[in-house]
Amino acid sequence: MKKALQLPSFLPRIITLLYHRVDTSETDPWGICVSIEKFEEQIQFLKNNFNIISSGDLIKQVTNHNITGGSICLTFDDGYADNYTNAKPILEKYNCPATFFISTAFIGSTIPFWWEELEIILLHSIKLPGKLLLEIGGEEHSYTFDESRLTDKQLLQHANWKWYEYPPTDRCKIFLKIWGKLKVLLIDAIETNIEVLRKWASSINMGNSRLPMNDHQVSELSKNPKFTIAMHTHTHPDLKEKEITLQTEEMLSCKKILNTKYSVDSNCLAYPYGQYDSNTIKAVNNMGIEACFTTSPSDIYAYSDRRILGRYQVFNESRTSLKNRLNLLKNF
Ligand SMILES: [Zn+2]
């Protein structure tokens, strides 16, 4: 994995951690699932050794150019239901502030996020038809599948595979290709393609995990003053190279829904997929958004740019692994 360029360690810094799901999963190519047990181990370790601060405190400190070193900020992206069912009780048990970046279009959806559905169809289906035709962005793409059943060995390869490793099966290769092509589209076009995939694969059991939070769950989270609900755009587009009007609309819709439905006045945004461009920064400035987070692994200092704050993704790892990987020394 890419290692961030570190400034001298004597400068006070804040480390922001990025979580997505707190649950187990049969496959996890993006490394976004942390089991409940590992999550509790991590939170207990962090709480006992560091100062856990809210994103509001972080923004204040960066705005005032006055950082309290040794601070950690916890963030969760997308708004998965397991944040409510699995993460919330542990965060409450250890009295930890946390920020939940939510893509508002998916609240209450009874089908998984599109990237989860793609994963379920391509990496879990035991048998798939031999040929898949997709029309993506006006171009026809054809993919060929091995029609025989997935073997136990292949299933195990899928279970262990992470995106940064060489794809061990053709299905993994095709999964990455299709994901990359869909990711840059707008949600309607993505959903049209997912619908084609769903019909093509037929009788896939989507289960009821991997779902977004519902209305009640977001509302309950928003009631705890330790928790911050913040923006992750409305439909989770890859903002890069999109028109500024579209980018602004995505931020505005999200802000408005959080405000009208949950009385949340958010001025903080996490870019979907960590992607942004100069138009994104213009839109953020025009809207007066106070702080934005990327997914690039870097520490936060007194003079960090509040519009591109770095975060470190947390994996399903032990406290020792987390400590060593992020170099979490006593007085970092
Ligand atoms: Zn996201």
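Two residues are in contact if their C-beta atoms, placed from the backbone, lie within 7 Å. The structure shown is a predicted model, in which local features need pLDDT of at least 70, side-chain atom pairs count only at pLDDT 80 or more, and totals for chains, interfaces and linings use all residues. Residues are numbered from 1 along each chain as its sequence is written.

**Figure 1. Contact between domain 1 and domain 2.** The protein chain is divided into domain 1 (14-110 + 210-325) and domain 2 (114-201), with bounds from an automatic or database domain assignment. Eleven residues of domain 1 are in contact with 13 residues of domain 2. On the side of domain 1 that touches domain 2, five residues are nonpolar, three polar and three charged. Here Ala, Val, Leu, Ile, Met, Phe, Trp, Tyr, Cys and Pro count as nonpolar, Asp, Glu, Lys and Arg as charged, and the others, Gly among them, as polar.

**Figure 2. Surroundings of I111.** I111 is found in the loop between strand 6 (98-102) and helix 4 (114-124); helices (H or I, at least four residues) and strands (E, at least two) are DSSP runs, numbered from the N terminus. Residues up to four places away in sequence not being counted, I111 touches E117 and M206. A distance of 9.3 Å separates the C-alpha atoms of I111 and S209, which are 98 residues apart along the chain. I111 counts as partly exposed because it has 16 C-beta neighbours inside 10 Å; a residue is buried if 20 or more other C-beta atoms lie within 10 Å of its own, exposed if 12 or fewer, and partly exposed in between, with C-beta atoms placed from the backbone.

**Figure 3. The buried residues of helix 9.** In helix 9, Q247, E250, M251, C254, K255, L258 and Y262 are buried. Seen down the helix axis, these buried residues fall within an arc of 120°, so they line one face of helix 9; the arc is that of the directions from the helix axis to the C-beta atoms. Their cover includes helix 8 (215-223), strand 9 (227-231), strand 10 (268-270) and helix 10 (278-287). On the other side of helix 9, T245, K256, N259 and T260 are exposed.

**Figure 4. E241 and S263, in the loops on either side of helix 9.** E241 lies in the loop between strand 9 and helix 9 and, although not a glycine, has a positive phi of about 65°. S263, found in the loop between helix 9 and strand 10, is likewise not a glycine and has a positive phi of about 55°. E241 counts as exposed because it has 11 C-beta neighbours inside 10 Å.
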